[in-house]
Amino acid sequence: KCLKNNSYHTDQTSGITFLREKDDSTAEFLLADDIGKIHRFFIKAYTIFSFSEIHFNDEVSNYLTDFPKLDFEEILYDKFTGEVYITIEGNGENQLLYHGIFRLKFKNDDVFQDSVVQLEKLDFTPKKTFYNNLEPNL
């Protein structure tokens, strides 16, 4: 679904994770779009909310360049470790090459920064078990 306010919108939100409730009762979330974008989402009340885009540095952008489609799905914030994970669905002929769960590293190791500076694909073993039921995402 698309979320929008007067000046900003998401394109196709597919994942959301809660980060924190600020002192002024504003709830803060990260949203994942299945078009390769991540947004910061703040909601103060039912009709009072705002968005901002999370940016990727050149290293992350270059890594993602070869993906046939940046199909972000679920996003998760682990409040105990401070780490953020995102799933990317594989697309194209070699879909398993692009499918995975990735750890996002934010600038200064701070999830409240608006820049992702590293993307690390998690390695699961045995791979066959992890990839066993994955079908091409057409």
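Student: Let's start with Thr26: is it buried or exposed?

Tutor: Keep in mind that this is a predicted model. For burial, look at the relative accessible area, with buried meaning under 20%. Thr26 comes out at 8%, so it is buried.

Student: Where is the place of Thr26, and which residues does it touch?

Tutor: Thr26 sits in the loop between strand E1 (13-21) and E2. Skipping residues up to four places away in sequence, Thr26 touches Arg20, Glu21, Phe42, Ile43 and Lys44. There is also a polar contact of 2.8 Å between the side chains of Thr26 and Asp24.

Student: On to the nonpolar core. Which residues of the largest one touch the most other members?

Tutor: A core here is a set of buried nonpolar residues joined through side-chain atoms within 4.5 Å. The largest one has 21 residues, and Leu30, Ile38, Val84, Ile86, Leu104 and Phe106 touch the most other members. Two or more residues come from each of these elements: strand E2 (27-33), helix H1 (58-64), strand E5 (72-78), strand E6 (83-88), strand E7 (100-106) and strand E8 (115-121). Apart from that core lies another, of five residues, including Phe29, Leu31, Phe41 and Phe51.

Student: Take Leu30, then. Which residues is it in contact with, leaving aside neighbours within four places in sequence?

Tutor: The contacts of Leu30 include Gly15, Ile16, Thr17 and Leu19, along with Ile38, Ile54, Ile75, Val84 and Phe106. His39, Arg40 and Val111 are also in contact with Leu30.

Student: How many aromatic pairs are there?

Tutor: Pairs are picked by the distance between ring centres, and the angle between the planes then gives the geometry, with over 60 degrees counting as edge-to-face. The count comes to 10 aromatic pairs. One of them is Phe18 with Phe29, edge-to-face at 5.4 Å centre to centre and 70° between the planes. Phe18 lies in strand E1 and Phe29 in strand E2, so this pair ties together parts that are 11 residues apart in sequence. At 44% relative accessibility Phe18 is partly exposed, whereas Phe29, at 17%, counts as buried.

Student: What about Phe56 and Phe72: which geometry does that aromatic pair have?

Tutor: Phe56 and Phe72 are edge-to-face, with 6.2 Å centre to centre and 80° between the planes. Phe56 belongs to strand E4 (residues 48-56) and Phe72 to strand E5, so parts 16 residues apart in sequence are tied together. Phe56 is partly exposed at 21%, while Phe72 is buried at 2%.

Student: Which residues do ring pairs link into a cluster?

Tutor: The cluster links Phe18, Phe29, Phe41, Phe49 and Phe51. A charged group can sit over a ring too: Arg20 lies over the face of Phe112, at 3.7 Å from the ring centre.

Student: Now the backbone. Where does Asn108 lie, and what is its phi?

Tutor: Asn108 lies in the loop between E7 and E8, and its phi is positive, about 60°, although it is not a glycine. Asp109 lies in the loop between E7 and E8 as well, with a positive phi near 50°. Both count as exposed: Asn108 at 62% relative accessibility and Asp109 at 61%.

Student: Last one: is the peptide bond from Thr125 to Pro126 cis or trans?

Tutor: Omega is the angle to read, and here it is near -5°, a cis bond. Pro126 is in the loop between E8 and helix H3 (127-131).

Note on methods
Residues are numbered from 1 along each chain as its sequence is written. Side-chain values use heavy atoms; hydrogens and water are left out. Buried means under 20% relative accessible area, exposed over 50%, partly exposed in between (1.4 Å probe, protein chains only). Helices (H or I, at least four residues) and strands (E, at least two) are DSSP runs, numbered from the N terminus. Contact means heavy atoms within 4.5 Å. A polar contact is a pair of N or O atoms within 3.5 Å; within protein, one must be able to donate a hydrogen and the other to accept it, and residues adjacent in sequence count only if both atoms are side-chain atoms. Rings of Phe, Tyr and Trp (its six-membered ring) pair if their centres lie within 6.5 Å; planes under 30 degrees apart count as stacked, over 60 as edge-to-face and the rest as tilted. A charge sits over a ring if NZ of Lys or CZ of Arg is within 6 Å of the ring centre and within 35 degrees of the ring normal.
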